[in-house]
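Dear colleague,

Please find the structure for your review below. My notes on what was found in it follow directly after.

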Amino acid sequence: MRNLKEIYLTVMLLLGSMTFSFAQDIKGIVIDLKNDKRISEVEIKNLRTNQQTKTDAQGNFSIPGNRYDYLSLMVRGFDRDTAFIYQELGEINRIYLIPDKTTIQIDEVVVTKITDSRIAREIERAKNNSKAVETSQTKGGLRVSPSRLFGKDAKIARNAIKILELEQEQRFVDRAFTDELIQSLVPISDADLPLFKDKYKPSYEFAKAAVKEDLTAYILVSYAEFKKLKK
């Protein structure tokens, strides 16, 4: 018979091994959006746990956390930003920062690289740049500016809004229509999952208005149709 001390040590070792096995890290690289160079000494904080770390000389970092955590990133010379982690923890997150006070030309390639919080700020900035109505205390209050309404900068700003809002909507849908949710509801294989998601990806309007039951019903009905098409 083991004495109480031996039993206690055994239990503590088991608990320790369990804790270790469930410990997970968010890994990534922080990169300068302007030139694709890696950024060292970036202060990274998990906003859920308050744990902190810094990127190494190659811009790499690893910090304890879970999928869907938020990380704040701060380093001198760059805009402070927040990144939402929605990739699998085994994947390397590439997080792009924008140099402080830098104006970026928005296009589809750039938008896919910037964080959610930066997208929101750029949408607000683009909307302000596209406004045709100006407020002036010295020129009689509100007035319409033809140059802002029809000018090149206004056109660029309006195009940027479309690109930014589309990316924002797609990210919202991706976070609702996840692999985990789909595979928890239907017996779909890993090989068929990408095809199913591509064919039955819901609209932003539906995903935004849907509650969990709506999304569940949508996936079940879509999968039934998907099986028929596969036969």
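In which helix is the place of Ile 156? Ile 156 belongs to helix H5, residues 152-176; helices (H or I, at least four residues) and strands (E, at least two) are DSSP runs, numbered from the N terminus. The model is a predicted one, in which local features need pLDDT of at least 70 and side-chain atom pairs count only at pLDDT 80 or more, whereas totals for chains, interfaces and linings use all residues. Residues are numbered from 1 along each chain as its sequence is written, and side-chain values use heavy atoms, with hydrogens and water left out.

Overall composition

The protein has 9 helices and 9 strands. Of its 231 residues, 34% are buried; here buried means under 20% relative accessible area, exposed means over 50%, and partly exposed lies in between (1.4 Å probe, protein chains only). Among the contacts in the protein with a separation of 6 or more, 54% are between residues 24 or more positions apart, a contact being defined by heavy atoms within 4.5 Å.

The C-alpha atom of Ile 156 is separated by 8.6 Å from that of Ile 106, although the two residues are 50 residues apart along the chain.

Glu 108 is located in helix H2, residues 108-111. With a relative accessible area of 52%, Glu 108 is exposed.

From Arg 118 to Thr 82, 36 residues apart along the chain, the C-alpha separation is 8.0 Å. If residues up to four places away in sequence are not counted, Arg 118 touches Asp 79, Asp 81, Ile 98, Thr 102 and Arg 125.

Residues in and around the strands

Ser 72 is part of strand E5, residues 70-74. Its relative accessible area is 8%, so Ser 72 is buried. Apart from neighbours within four places in sequence, Ser 72 is in contact with Glu 43, Ile 44, Lys 45, Leu 47, Asp 81 and Thr 82.

Thr 55 lies in the loop between strand E3 (52-54) and strand E4 (60-64). This residue counts as buried because its relative accessibility is 2%. Two polar contacts of its side chain may be noted; a polar contact is a pair of N or O atoms within 3.5 Å, where, within protein, one must be able to donate a hydrogen and the other to accept it, and residues adjacent in sequence count only if both atoms are side-chain atoms. The side chain of Thr 55 reaches the backbone oxygen of Ile 39 at 2.9 Å, and a polar atom of that side chain lies 3.0 Å from the backbone nitrogen of Glu 41. Not counting residues up to four places away in sequence, Thr 55 touches Val 30, Ile 39, Ser 40, Glu 41, Val 42, Ile 44, Asn 60 and Phe 61.

Backbone values in two loops

Asp 36, in the loop between strand E1 (25-32) and strand E2 (43-46), is not a glycine, yet its phi is positive, near 65°. Asp 36 is partly exposed, with a relative accessible area of 47%. Asn 50 sits in the loop between E2 and E3. Asn 50 is likewise not a glycine and has a positive phi of about 70°. At a relative accessibility of 48%, Asn 50 counts as partly exposed.

The H7 and H9 helix pair

The axes of helix H7 (residues 193-200) and helix H9 (residues 212-230) come within 11 Å and cross at roughly 115°. H7 is therefore roughly perpendicular to H9. Axes are lines fitted to C-alpha atoms, for helices over the stretch in contact, and angles run from 0 to 180 degrees between N-to-C directions; under 35 degrees counts as roughly parallel, over 145 as roughly antiparallel, 65 to 115 as roughly perpendicular and the rest as oblique.

From H7, Leu 195, Phe 196, Lys 199 and Tyr 200 take part in the contact, and they meet Tyr 218, Ile 219, Ser 222, Tyr 223, Glu 225, Phe 226 and Leu 229 in H9.

Yours sincerely
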